Amino acid sequence: MDSIDKLLAELETEYKEVQPQQQQSKSATAKSFIPSSPKSASFIDNLLADVKADFAQQDAAIELKRQQELEQERIRQEQLKAKQLEALQVEAKKWLAKVDPLSSEGLWFERFAESYSSKLEAAIEYLRKNE
């Protein structure tokens, strides 16, 4: 956006430099009608404002698109995590079904699972750490 502002400032400076030269050349031949420099200045100002607004609108559209892409990526990541959790739950249920509660691993797991709300949650965490 800074480059646009610089460009607009350069155009305005050039316009102000050229305008007195044009008025001097016109004054000799066009004394019979009113000079149109105030209208030209406002036209240029309006044109510059329109260009600036167009660039601002384009920047806003690009930012909106970027935000939408980020949101889609976030949703995709959440869906991926959900699928991974589902797969881990299936694996944890299988592991719970075949672990012998009286084996050393089974006894250890019983103590480990005490700090979790369910044995399934504990098994998921155990399998996650041992992947």
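This is a predicted model: local features need pLDDT of at least 70, side-chain atom pairs count only at pLDDT 80 or more; totals for chains, interfaces and linings use all residues.

Q: How many salt bridges does the count come to?
A: The count comes to eight.

Q: Which residue pairs with aspartate 5 in a salt bridge?
A: Lysine 52 does, with N to O at 3.5 Å. The pair links distant parts of the chain, 47 residues apart. Aspartate 5 is in helix α1 (residues 2–29), and lysine 52 is in helix α2.

Q: What does arginine 66 form a salt bridge with?
A: Glutamate 63 is the partner, and the closest N and O atoms are 2.8 Å apart. Arginine 66 and glutamate 63 are three residues apart in helix α2, so about one helical turn separates them.

Q: Why does that spacing matter in a helix?
A: An α-helix has 3.6 residues a turn, so residues three or four places apart point the same way. Side chains of opposite charge can then pair when their charged atoms come close.

Q: And how accessible is arginine 66?
A: Arginine 66 has a relative accessible area of 39%, which makes it partly exposed. Glutamate 63 is partly exposed too, at 35%.

Q: What about lysine 129, which residue does it form a salt bridge with?
A: Lysine 129 pairs with glutamate 125, with 3.9 Å between the closest N and O atoms. The two are four residues apart in helix α4, so again about one helical turn separates them. Lysine 129 counts as exposed, at 59% relative accessibility.

Q: Switching to the fold. How many helices and strands are there?
A: There are four helices and zero strands. Along the sequence, the pattern reads α-α-α-α.

Q: How much of the chain counts as buried?
A: Of the 131 residues, 15% count as buried.

Q: And the accessible surface, what does it come to?
A: About 10,700 Å² for the chain. Carbon and sulfur atoms hold 56% of that.

Q: What share of contacts comes from residues 24 or more positions apart?
A: They account for 56% of the contacts with a separation of 6 or more.

Q: OK, the core. Which residues make up the largest nonpolar core?
A: Twelve residues in all: Leu88, Ala92, Trp95, Val99, Phe109, Phe112, Ala113, Ala122, Ala123, Ile124, Tyr126 and Leu127. Helices α2, α3 and α4 (119–129) each supply at least two residues of this core.

Q: Which helix gives the most to this core?
A: Helix α4 does, with five residues.

Q: What does alanine 122 touch?
A: Leaving out residues up to four places away in sequence, alanine 122 touches Phe109, Phe112, Ala113 and Tyr116.

Q: Back to α3, which of its residues are buried?
A: In helix α3 (residues 104–113), the buried residues are Gly106, Phe109, Phe112 and Ala113. Seen down the axis of α3, they fall within an arc of 120°, so they line one face of the helix.

Q: What does the face turned away from the buried side carry?
A: That face of α3 carries the exposed residues Ser104 and Arg111.

Q: Now the outside. Which residues form a nonpolar patch on the surface?
A: Phe43, Leu47, Val51 and Phe55 form it. Together they have about 340 Å² of accessible area.

Q: Where does phenylalanine 43 lie, by the way?
A: Phenylalanine 43 lies in helix α2 (residues 37–98). Its relative accessible area is 54%, so phenylalanine 43 is exposed.

Q: Last one. How far apart are isoleucine 4 and alanine 56?
A: In sequence, 52 residues; in space, 9.7 Å, C-alpha to C-alpha. Isoleucine 4 lies in helix α1, and alanine 56 is found in helix α2.

Q: Is isoleucine 4 buried or exposed?
A: Isoleucine 4 counts as buried, at 11% relative accessibility. Alanine 56 counts as partly exposed, at 34%.

How values were computed: Residues are numbered from 1 along each chain as its sequence is written. Side-chain values use heavy atoms; hydrogens and water are left out. Patches are made of residues with over 30% relative accessible area and no salt bridge: like charges are joined within 9 Å, nonpolar side chains (Val, Leu, Ile, Met, Phe, Trp, Tyr) within 5 Å. Accessible areas come from the Shrake-Rupley method with a 1.4 Å probe; for residues, only the protein chains shown count as cover. A salt bridge is a side-chain nitrogen of Lys or Arg within 4 Å of a carboxyl oxygen of Asp or Glu. Buried means under 20% relative accessible area, exposed over 50%, partly exposed in between (1.4 Å probe, protein chains only). The arc is that of the directions from the helix axis to the C-beta atoms. Contact means heavy atoms within 4.5 Å. A nonpolar core is a set of buried Ala, Val, Leu, Ile, Met, Phe, Trp, Tyr and Cys residues joined through side-chain atoms within 4.5 Å.
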